[in-house]
Amino acid sequence: MNPHFLFNCLTAIQSLIRTDSGAAEQGLTSLSSLLRRSLDVAKHPLIPLAEELEIIREALRLQKMRYEEGLEWSVGADKEAENFRVPPMLLQPLVENAVKHGVDDVFCRVDLTAVIEHGDLVVRVRNTAPKGSDPANWKESVGLASVRARIAEACPEGSGVEFSKTADGWIEALVRIKPVVGGKMK
């Protein structure tokens, strides 16, 4: 989890304490839940995607508190995809990245979908992109490098992540995870 994310959450909660104590309390509860879940899942080499998606939803709720009307999001997966086992906190940096790079002056939309295609887990993290955004020009950030390294280390060969700009102007991270053969990851 990016330390800037935690700092921004705490700053947003602090600003709500005087103006909307209920929202501040809800923010603290969400942040506590997110931290507890991330510590719990870190104890396991693989978790069901459904657990990873709950962590992502909690993080996006916190981001929504910060950006208010400037952020819209959706997270969805088919039932088969929810049961697919993945390394914990694999996708969360991609969603953080989508929010960070997707917010322009007023608005960002982040959508995550997960399905099973030909036995592989396929996750798409899409975000609106400010003008001039082009993943071909991105430098490898710490978060993106860690996602690539975790996939290379923990997932079967043929798994990976690719970034592109779609014809309709969205930025898309496409993650493909091959199924585990013989019950073990690498």
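**Leu62 and the chain around it**

At 1% relative accessibility, Leu62 counts as buried (buried means under 20% relative accessible area, exposed over 50%, and partly exposed in between, with a 1.4 Å probe and protein chains only). This is a predicted model, in which local features need pLDDT of at least 70 and side-chain atom pairs count only at pLDDT 80 or more, while totals for chains, interfaces and linings use all residues. Residues are numbered from 1 along each chain as its sequence is written, and side-chain values use heavy atoms, leaving out hydrogens and water.

**Helix H3 and Leu62**

- Leu62 sits in helix H3; helices (H or I, at least four residues) and strands (E, at least two) are DSSP runs, numbered from the N terminus.
- Which residues does Leu62 touch, not counting those up to four places away in sequence? They are Phe5, Cys9, Gly27, Ser30, Leu31 and Leu34, where contact means heavy atoms within 4.5 Å.
- Leu62 and Val122 are 60 residues apart along the chain, and their C-alpha atoms are separated by 25 Å.
- The buried residues of H3 include Leu49, Leu53, Ile55, Ile56, Leu60 and Met65, and also Glu52, Arg57 and Glu58.
- With 19 residues at 1.5 Å each, H3 should span 27 Å, and its end C-alpha atoms are 26 Å apart, which agrees; the expected span is 1.5 Å times one less than the number of residues.
- Glu68, which follows H3, has a positive phi near 50°.

**Helix H2**

- Helix H2 covers residues 21–41, and its 21 residues should span 30 Å; the end C-alpha atoms are 30 Å apart, in agreement.
- Its buried residues are Ala24, Gly27, Ser30, Leu31, Ser33, Leu34, Ser38 and Val41.
- These buried residues of H2 pack against helix H1 (3–19), strand E1 (47–48) and helix H3 (49–67).

**Leu94 in helix H5**

- Leu94 belongs to helix H5, residues 92–102.
- Is Leu94 buried or exposed? Its relative accessibility is 3%, so Leu94 counts as buried.
- Apart from neighbours within four places in sequence, Leu94 is in contact with Val125, Leu144, Val147, Val161, Phe163, Ala173 and Val175.
- The C-alpha atoms of Leu94 and Ala152 are separated by 16 Å, and these residues are 58 apart along the chain.

- Most residues other than glycine have a negative phi.
- Met89 is not a glycine, yet its phi is positive, about 60°.
- Met89 lies in the loop between strand E3 (85–86) and H5, and counts as buried at 16% relative accessibility.
- His118 also has a positive phi, near 55°, and its place is the loop between strand E4 (108–117) and strand E5 (120–128).
- With a relative accessible area of 82%, His118 is exposed.

**The chain as a whole**

- How many helices and strands are there in the chain? There are six helices and seven strands, running α-α-β-α-β-α-β-α-β-β-α-β-β from the N terminus on.
- The C-alpha trace spans about 55 × 40 × 30 Å along its principal axes.
- Buried residues make up 44% of the 186 residues.
- Of the contacts with a separation of 6 or more, 69% are between residues 24 or more positions apart.
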